[in-house]
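Open the model in your viewer and keep the selection panel at hand. The tour goes from a pocket to a sheet, then to charged pairs.

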Amino acid sequence: MTTSALYPFKLDPALHVKVWGGRRLAAMMRKSLPTAEPYGESWELHDTAVVANGPLQGNRLGDLARQYGADLLGASNDPAEGFPLLAKLIDAADWLSIQVHPNDEQAQALESEPRGKTEAWVILHAEPGAQLVIGLRMGTSREMMAEAIQRNRLETLLVYVEVKTGDVLYIPANTIHALGPGILIYEIQQASDVTYRLYDWGRLGLDGQPRELHIDKGLQVANLESLPRVRQPKNELLVDGEYFRAWRHELAGKTFNIETGGRFQSLTCIAGSAQVAVNGHDEISLNKGETGLIPACIPAFVMRGKGTVLRSCQH
């Protein structure tokens, strides 16, 4: 145990039903889905995730962030703003909406929110031919974009790319994007749910009504000048972005000694199992589909096992 009474947490996620969701979170990530509805997202690391082990079991991370402050979050974060990162597992059985997120300055100006949303996707499973949208065709103006939305034909301006398991896409704020059907991903992002939905394929929501669009703000923040690139990383470091980093650790019977640098560490097991220990004790076991959290006050931890773990932290 650390002097702050914090220890490695095992987390129970918050599950979210989505009109575009499916059942892969159960079939591929061993999630227990409580109803027959289409589940699209499992929020693994977030203020709404709940500690599942030890003396603080049953507490939400958002409450613990306010209670423990820098010991949990790290010195650079304001506890009043909650966890700065959000890690999700996402199952897309249908197209997500075409959407765009503001950057920090725009989120503060347009929504009075502390942060915008830059994100990254790690493709855990992709059906043959599965696609993403990564933006609009070069040369598209805001006027052309607005007209295409009004005429329900934005898909004619979109840039599609095929993806396969293991691909990674870093998506800066202001990028027009969408996740396509047949894909399961791990997402690491700034902890913001500010989304400007530009286009929803003429679909109705689960309540039978069209979902709200945010065209004016979306047009305002959209980047029409560049496109992100899908990569297939060859080393452990998958993402090295402005707000976060992410690694894939193939344990394969090896032992990893990891220093935290005063940053909390999010650990999601995507295959097999892993054991995590601090000072030879305070151990947690993570099976496929489970997430753990190492508080920022813990200087180092050991990870071993025969699984695969995605580790994320602030930059």
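For the residue classes used at the first stop, Asp, Glu, Lys and Arg count as charged; Ala, Val, Leu, Ile, Met, Phe, Trp, Tyr, Cys and Pro count as nonpolar; the others, Gly among them, count as polar. Bear in mind that this is a predicted model.

**Stop 1: the largest pocket**

Start with the largest pocket, whose volume is about 320 Å³. Select Lys 18, Trp 20, Glu 41, Gln 99 and Thr 195: of the 22 lining residues, these are the closest to the pocket's centre. Now colour the strands around them. S2 (14-22), S3 (39-45), S5 (85-92), S7 (119-126) and S11 (178-179) each give two or more residues to the lining. What classes of residue make up the lining of the pocket? Nine are charged, seven nonpolar and six polar.

**Stop 2: a four-stranded sheet**

Next, show the open sheet with the order S17-S22-S19-S20. Its pairing is antiparallel. Look at the edges: strand S17 (255-259) and strand S20 (281-287) each have a single partner strand, so one side of each has no neighbour in the sheet. From one strand to the next, the twist averages 20°.

Zoom in on S19 (residues 273-278) and S22 (residues 300-305). Four bridges join these antiparallel strands. Pick Ala 274 to find Gly 305 of S22 opposite.

**Stop 3**

**Stop 3**

Move on to Asp 94, Asp 200, Arg 203 and Arg 211, which salt bridges with shared partners join into one network. Centre on Asp 200. Its side chain meets that of Arg 203 at 2.6 Å, N to O. Asp 200 also forms a salt bridge with Arg 211, with 2.9 Å between the closest N and O atoms. Both Arg 211 and Asp 200 lie in the loop between strand S13 (196-199) and helix H6 (215-221), so the pair ties together parts that are 11 residues apart in sequence.

Now check accessibility, where buried means under 20%. Asp 200 has 5%, so Asp 200 is buried. Arg 203, at 14%, also counts as buried.

Definitions and conventions
Residues are numbered from 1 along each chain as its sequence is written. This is a predicted model: local features need pLDDT of at least 70, side-chain atom pairs count only at pLDDT 80 or more; totals for chains, interfaces and linings use all residues. Side-chain values use heavy atoms; hydrogens and water are left out. On a 1 Å grid over the protein atoms alone, a cavity is a set of points where a 1.4 Å probe fits but cannot get out, and a pocket is an open set with protein on both sides within 12 Å along at least five of seven lines; lining residues have an atom within 4 Å of a point. Grid points are joined across faces, edges and corners, and a volume is the space filled by probe spheres set on the points. Two strands pair if DSSP finds at least two bridges between them. Axes are lines fitted to C-alpha atoms, for helices over the stretch in contact, and angles run from 0 to 180 degrees between N-to-C directions. A salt bridge is a side-chain nitrogen of Lys or Arg within 4 Å of a carboxyl oxygen of Asp or Glu. Buried means under 20% relative accessible area, exposed over 50%, partly exposed in between (1.4 Å probe, protein chains only).
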